[in-house]
Amino acid sequence: MPGPLTRSLTPSLTRRDLLRGAALAAALHRAPRLCAQNQAIASGPFQPTWASLKQYRTPEWFRDAKFGIWAHWSAQCVPERGDWYARRMYLQGDPTYDFHVQHYGHPSQFGFMQMDHLWKAEHWQPDQLMQLYQAAGAKYFFALANHHDNFDNYASTYHAWNSTRVGPMRDIIGEWSRVARAHSMRFGVSNHSSHAWHWFQVAYGYDAVGPKADVRYDAYRLKKAGGKGQWWDGLDPQELYTGRNLVIPDGLNTIAEQKAWHNEHDGKWHEEDPPENPRFAELWALRCRDLFDKYQPDLVYFDDEELPLGQKGLEVTAHLYNSSVARHGSQQAVVFAKKPTPEHAGAFTLDIERSRSTEILAEPWQTDTCIGDWHYDRRIFEQHRYKSPETVIALLIDVISKNGNLLLSIPVRGDGTIDEDEHAFLQALASWIPQHGEAIFGTRPFTVYGEGPPEPITRDFKEQTRPHTAEDVRFTQRCDTLYAFVLAWPADGIVRVKTLRRGGEHAPPRGVQRVELIGAPGPLRFQQTAEALLVTMPPEKPNPYAYVLRMQT
């Protein structure tokens, strides 16, 4: 934590140095002078308190939508080396550091701000991508507004390091928003920048060993004046790198010592305000409100446990909710965050990253995951290691049976394109999801989510799967129609649904009247016995993925 850190510094980097650095960072961070009206949240029924935000209810349109696609796209996709490039390139001993030195240069000379400059998005055609996403069945679309690397992918009023001034020279969020809505899809933004103040502090570090041992990286030395005559003329690198908040002290001259220090300090998942840089949280809130007011997102994803940055998170969430009420007459926005405490549950919609619920949850929720790494990794493509359509379709089925939605990231290359395997993956989804849409969109959970062994639950974001059999069944319902998803074709041609046995606790009072297989002609033969509902499947599979029985009750 910051307090113990400052007490443990070596004499070469004292507490006074840190305070001086924080003061400098605050000065460098100054945005245009703000009046009270600029800082006020939108008026309405929601106040910036947990008690008031618990008025929130997830809107019905989200419960109907079920499936969204996410473009988790930024300059970190340019090197095509996967997640957290902007942090890992500064960690000597990490393979990403070695890759960066070999391909771009030492991080004292070629820091991540240079990668922002290299990002051109030169082949990005958002309308064509949105057609693919919509054809695959997505009802909402998410774009990354900013990541922990503190770069805004929109025309930010309060942050000069944004995609209209650096790199693509385009309003990424504005274009995504326009195209998504032109395709009648709800539009969401993900905001990860609350963690930049600690996550990006590695850019102020140095090599522990080697020919450049003790040479500080670019963020430590770069100032606005140094950009004169260069591509970043007029920009202040300290605004991007957030200032000296948790700078590693001198004298840690083994890779193991530095790794331990980072893990204990800037590598922790801090949710609090930076204690010696309050201006960071103030500007974060202004950037959020600017994002919400300019693009009016239907959904907002915070990469935080509960809401970010204490009171500032409460304020921007209340602002979004009240703005939605003003536009729609009722609160129609969706805010996602993770791991609410019991006393705060209900103030936003629960998101579970790279995992899922084990049961039906009373309130709607969302799983977010990716077919590969969040940021594009060429190695995954070349080794054909994306999640399979079978895996994702089974995940979607399991999630919606438990009152959830699935948000799926399709990684985008730095140039704005997706690769051949991703095209094939989306085509596979397009062959299955729309055809079975009646059993997915607008449905609600049954009294039980399904049958079969429990799915393995992810720990530490390491997803696990298991083979499915015809005993793995999931349910949804709509009015008098019950849908049973069978996750594998029965070897003997008979599906046995034990939940719907005659006289069973969950059997429909009038019994099952008719059974059909979506994608196959005519009704199926069935028998409701004391052990199970027995359904005789047709000779041929209608698709290679999963099989949906439509039952009239």
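A quick definition to start: a crossing of two helices is left-handed if the near helix is turned anticlockwise from the far one by less than a right angle, and right-handed if clockwise.

Hello everyone. What we have here is a predicted model, where local features need pLDDT of at least 70, side-chain atom pairs count only at pLDDT 80 or more, and totals for chains, interfaces and linings use all residues. Residues are numbered from 1 along each chain as its sequence is written, and side-chain values use heavy atoms, with hydrogens and water left out.

Strands here are DSSP runs of E with at least two residues, helices are runs of H or I with at least four, and both are numbered from the N terminus. Two strands pair if DSSP finds at least two bridges between them. As an example, strand E6 (residues 349-353) pairs with strand E7 (residues 365-370) in the parallel sense, over four bridges. Aspartate 351 has glutamine 366 in E7 as its bridge partner.

Now to the helices. Helix H9 (residues 126-135) packs on helix H10 (residues 172-182) at an angle of about 45 degrees, with 9 Å between their axes. Those axes are lines fitted to C-alpha atoms, for helices over the stretch in contact, and angles run from 0 to 180 degrees between N-to-C directions. H9 is therefore oblique to H10; under 35 degrees would count as roughly parallel, over 145 as roughly antiparallel, and 65 to 115 as roughly perpendicular, with oblique for the rest. Here is our definition at work: H9 passes H10 in a right-handed crossing.

Who touches whom? Pro126, Asp127, Leu129, Met130 and Tyr133 in H9 meet Glu175, Trp176, Val179 and Ala180 in H10, where contact means heavy atoms within 4.5 Å.

H10 has several buried residues, among them Ile172, Ile173, Trp176 and Ser177. Buried means under 20% relative accessible area, exposed over 50%, and partly exposed in between, with a 1.4 Å probe and protein chains only. The cover over H10's buried residues includes strand E1 (67-71), H9, strand E2 (140-146), strand E3 (186-191) and helix H15 (278-295). Just after H10, serine 184 takes a positive phi of about 60 degrees.

Helix H18 (residues 389-401) and helix H19 (residues 420-432) pack at about 45 degrees, their axes 10 Å apart. H18 passes H19 in a right-handed crossing. Pro389, Val392, Ile393 and Ile397 in H18 meet Phe425, Ala428, Leu429 and Trp432 in H19.

Serine 194 sits in the loop between E3 and helix H11 (196-199). Is serine 194 buried or exposed? Serine 194 is buried, at a relative accessible area of 3%. Leaving aside neighbours within four places in sequence, serine 194 contacts Phe280, Trp284, Asp304, Pro308 and Leu309.

Last stop, strand E16 (residues 547-552). Five of its six residues are buried, so E16 is largely enclosed by the rest of the structure. Strand E11 (residues 481-486) runs antiparallel to E16, joined by six bridges, and phenylalanine 485 stands opposite valine 548 in E16. Strand E13 (residues 514-517) also pairs with E16 in the antiparallel sense, over four bridges, with leucine 517 opposite leucine 549.

Thanks, everyone!
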